[in-house]
Amino acid sequence: MSETIILEKVNRVAVLTLNRPKALNALNAELLECLMQHVSELSNDPDTGCIVITGSEKAFAAGADIKEMSDMSYIDMVMPDHFGRHNAIENCRLPIIAAVSGYALGGGCELAMMCDFILAADTAQFGQPEITLAIIPGIGGTQRLTRAIGKAKAMEMILTGRLMDAEEAERAGLAARIIPADELMAETMMVAEKIAGFSRPSVYAAKESIKRSFEVSLAEGLHYEQRVFYPLFATEDQKEGMAAFMEKRKPKFKHK
Ligand code: CAA
């Protein structure tokens with residue numbers, strides 16, 4: 001497996017670190033392939049309860065690799081479906097947190113938005129500067145950024161290529177929280193450990209229901225939520241969670 005991604009397991013949390021620091025973690029085909037393979041494998045790993053994707057202090061990722069793409073033709077893009085094969089993150093059942101420090105631009109911003117939520121260092125800068133290269137976002141930017149921050153801001157950012165700092169990103173709803181840069185990983189790990197400690201069926205159900213809200217009407221979504229809420233009463237963990245509350249002790253979840 002390539003070293004463009006470093007996998008580290010800490011208890012039930014898997015940390016995937018993008019590792020092309022000299023290229024500001026530009027997303028080349030090798031890195032994307034390796035990242036997606038790790039996420040696919042972790043998605044089915046019973047010992048993992050949460051995934052963190054992060055980069056370096058200077059860059060989460062400065063976009064798709066411009067040097068790799070510069071000479072590519074339409075056929076080179078379309079035949080292998082260059083950016084269309086990377087659904088592992090979208091399909092992953094485990095929560096994925098993007099811990100973003102420094103630049104998250106172009107494909108880097110899109111990668112962060114593919115994750116379930118973004119924890120941003122106070123140094124984070126987000127943007128979709130593809131227009132400056134005479135292209136547009138190609139891994140979901142026009143769709144996910146618009147859903148995250150609304151039409152006006154998404155239009156302005158994508159049509160001008162301007163960057164957004166961490167404060168604006170949090171205000172606009174792109175980042176869940178801002179954390180001082182030197183505390184980003186410690187805080188992210190605490191959040192990830194917390195999620196990983198909850199009962200996995202309920203974590204799956206919560207994530208699936210929220211994701212569903214982006215696809216269906218409110219009535220459909222409410223119906224879906226009930227359909228995944230009731231079966232949780234068939235889990236041992238629901239009995240344990242509620243018993244522990246009443247007995248004033250910590251629950252011991254078995255993820256079943
Ligand atoms: N692709 C390839 N290499 C990149 C890169 C990218 N997206 N971003 C940075 N690098 C490389 C630089 O070429 C440079 O390499 P060399 O030392 O070999 O010259 C190295 O990383 C360091 O970068 P800079 O010297 O430019 O660093 P800086 O601090 O002066 O500037 C930056 C940082 C503002 C992020 C600047 O690097 C930049 O503008 N990068 C490109 C951002 C961008 O346009 N991203 C969108 C890419 S297209 C895309 O993502 C399409 C899609 O949606 C699928």
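**Overall fold and ligand surroundings of the predicted model**

The protein has a radius of gyration of 19 Å, which agrees with the value near 18 Å that a compact globule of 256 residues would have; the radius is taken over C-alpha atoms, and the globule rule is 2.2 Å times the number of residues to the power 0.38. The structure is a predicted model, in which local features need pLDDT of at least 70 and side-chain atom pairs count only at pLDDT 80 or more, while totals for chains, interfaces and linings use all residues. Residues are numbered from 1 along each chain as its sequence is written, and side-chain values use heavy atoms, with hydrogens and water left out.

Along its principal axes, the C-alpha trace spans about 60 × 40 × 40 Å. The protein has 12 helices and 10 strands, taken as DSSP runs numbered from the N terminus (helices: H or I, at least four residues; strands: E, at least two). Of the 256 residues, 45% count as buried; here buried means under 20% relative accessible area, exposed over 50%, and partly exposed in between, with a 1.4 Å probe and protein chains only.

Turning to the ligand, 25 residues surround it, the closest being Lys58, Ala64, Gly107, Glu110 and Glu130; a residue counts as near if one of its heavy atoms lies within 4 Å. By class, this shell has 15 nonpolar, four polar and six charged residues. In this scheme Ala, Val, Leu, Ile, Met, Phe, Trp, Tyr, Cys and Pro are nonpolar, Asp, Glu, Lys and Arg are charged, and the others, Gly among them, are polar.

A backbone N or O atom of alanine 64 lies 2.8 Å from an oxygen atom of the ligand, and one of alanine 62 lies 2.9 Å from a ligand nitrogen atom. For lysine 22, a polar backbone atom is 3.3 Å from an oxygen atom of the ligand. A polar contact here is a pair of N or O atoms within 3.5 Å. On its own the ligand has 980 Å² of accessible area, of which the protein covers 66%; areas come from the Shrake-Rupley method with a 1.4 Å probe. Helix 2 (66–69), strand 6 (103–105) and helix 5 (107–114) are the elements that give two or more residues to the shell, and helix 2 gives the most, with three. Helix 5 is mostly covered, with eight of its eight residues buried; among them are Gly107, Cys109 and Glu110.

Strand 7 (residues 117–121) has four of its five residues buried. Four bridges join strand 5 (residues 96–100) to strand 7 in parallel, with alanine 99 partnered by leucine 119. Three bridges join strand 7 to strand 10 (residues 177–179), also in parallel, and alanine 120 stands opposite isoleucine 178. Strands are paired if DSSP finds at least two bridges between them.

An open sheet of four strands has the order 4-6-8-9, with mixed pairing. Strand 4 (59–61) and strand 9 (164–165) stand at the edges with a single partner strand each, so one side of each is left without a neighbour in the sheet. Strand 8 (residues 125–127) and strand 9 are antiparallel over two bridges, and glutamine 125 stands opposite aspartate 165.

Two loop residues also deserve a look. Asparagine 11, between strand 1 (5–10) and strand 2 (13–18), has a positive phi near 50 degrees and is exposed at 61% relative accessible area. Alanine 134, between strand 8 and helix 6 (141–149), has a positive phi near 65 degrees and is exposed at 71%.

Conventions: Polar contact = N/O pair within 3.5 Å; in protein donor to acceptor, adjacent residues only side chain to side chain.
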